[in-house]
Amino acid sequence: MSLTGLERRMSGMAIRAATAADMLSVGLIERDSFADPWGSREFTSALESPHTIFLVAADAGGIVCGYVIALAVQDEAEVLNLAVSPTDRGKGIGAGLLDAAIGRVCDRGAANIYLEVRESNEAARGLYASRGFEEISRRVKYYRSPVEDALVLHLAVQR
């Protein structure tokens, strides 16, 4: 499930490691996607951390259309953030980014992958379920703006 080299091509998109030059685009996608978006400090920290996998999907013109951030430490990993530009949703970009992140954390030795998702986010829940993630718990009133429960999902990676 690992990426070949630094990128994997799919549907005219290239998935590659994020760079500092991508942060403006990532920030715009974040603000278009979430009511309580991450700030530039969180993205910079993720980009600089040796434990973080930060990938972007870019079109043929190099325009960033989506991103995923995952954290891998020892045998556990967490998908911290995944978003696709509203105009590019429904094209399989989110699935490609998730698959790439899963591959990368597995390459680092992860046997268990976790993530949180808004209970009302049916599209994301469907994507995660299609990859084998299962609900293991709930965090009541975890999200702000609007206040909503988070579902904690888990994927046990087969080796």
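**View 1. Glu30, a buried residue that has no salt bridge.** In this predicted model, local features need a pLDDT of at least 70 and side-chain atom pairs count only at pLDDT 80 or more, whereas totals for chains, interfaces and linings use all residues. Residues are numbered from 1 along each chain as its sequence is written, and side-chain values use heavy atoms, with hydrogens and water left out. Glu30 belongs to helix α1, which covers residues 23–33; helices (H or I, at least four residues) and strands (E, at least two) are DSSP runs, numbered from the N terminus. Buried means under 20% relative accessible area, exposed means over 50%, and partly exposed lies in between (1.4 Å probe, protein chains only). A salt bridge is a side-chain nitrogen of Lys or Arg within 4 Å of a carboxyl oxygen of Asp or Glu, and for Glu30 the nearest side chain of opposite charge, that of Arg31, is 8.3 Å away. In this count Lys and Arg are positive and Asp and Glu negative, while His and the chain ends are not counted. Leaving aside neighbours within four places in sequence, Glu30 is in contact with Pro37, Trp38, Phe43, Tyr67 and Asn81, where contact means heavy atoms within 4.5 Å.

**View 2. Arg138, in salt bridges with Glu119 and with Asp149.** The closest N and O atoms of Arg138 and Glu119 are 3.1 Å apart. Arg138 lies in strand β7 and Glu119 in the loop between β6 (112–118) and α4, so this pair ties together parts that are 19 residues apart in sequence. Arg138, at 38% relative accessibility, is partly exposed, and Glu119, with a relative accessible area of 32%, is also partly exposed. In the salt bridge between Arg138 and Asp149, the closest N and O atoms are 3.0 Å apart. Because Asp149 lies in strand β8 (residues 148–156) and Arg138 in strand β7, this pair ties together parts that are 11 residues apart in sequence. Asp149 is buried, with a relative accessible area of 17%. Salt bridges that share partners join Glu119, Arg138 and Asp149 into one network.

**View 3. Asp99 and Arg131, whose side chains meet in a salt bridge (2.6 Å, N to O).** The pair links distant parts of the chain, 32 residues apart, with Asp99 in helix α3 (residues 93–107) and Arg131 in the loop between α4 (122–130) and β7 (134–143). Arg131 is partly exposed, with a relative accessible area of 30%. The structure holds nine salt bridges.

**View 4. The largest pocket, with about 980 Å³ of space.** Of the 33 residues that line this pocket, the closest to its centre are Phe34, Leu82, Asn121, Ala124 and Tyr128. The elements that give two or more residues to the lining are α1, β5 (76–84), α3, β6, α4 and β7, and the largest share, seven residues, comes from β5. On a 1 Å grid over the protein atoms alone, a pocket is an open set of points where a 1.4 Å probe fits, with protein on both sides within 12 Å along at least five of seven lines, and lining residues have an atom within 4 Å of a point. Grid points are joined across faces, edges and corners, and a volume is the space filled by probe spheres set on the points.

**View 5. Val79, a buried residue with a relative accessible area of 7%.** Val79 is found in strand β5. Leaving aside neighbours within four places in sequence, Val79 is in contact with Val68, Ile69, Ala70, Leu98, Ile113, Tyr114 and Leu115.

**View 6. The cis peptide bond that joins Ser145 and Pro146, with an omega of about -5°.** Pro146 is found in the loop between β7 and β8, and Ser145 lies in the loop between β7 and β8. Ser145 has a positive phi of about 50° although it is not a glycine, and this residue is partly exposed, with a relative accessible area of 42%.

**View 7. Gln74, which has a positive phi of about 55° although it is not a glycine.** The loop between β4 (64–73) and β5 holds Gln74, and this residue is exposed, with a relative accessible area of 70%.

**View 8. Residues 1–9 and the confidence of the model.** The protein chain averages a pLDDT of 91, and 92% of the residues score at least 70. Over residues 1–9 the pLDDT is below 50, and beyond near neighbours in sequence this stretch has 24 contacts in the model. The pLDDT is the predictor's confidence in each residue, from 0 to 100.
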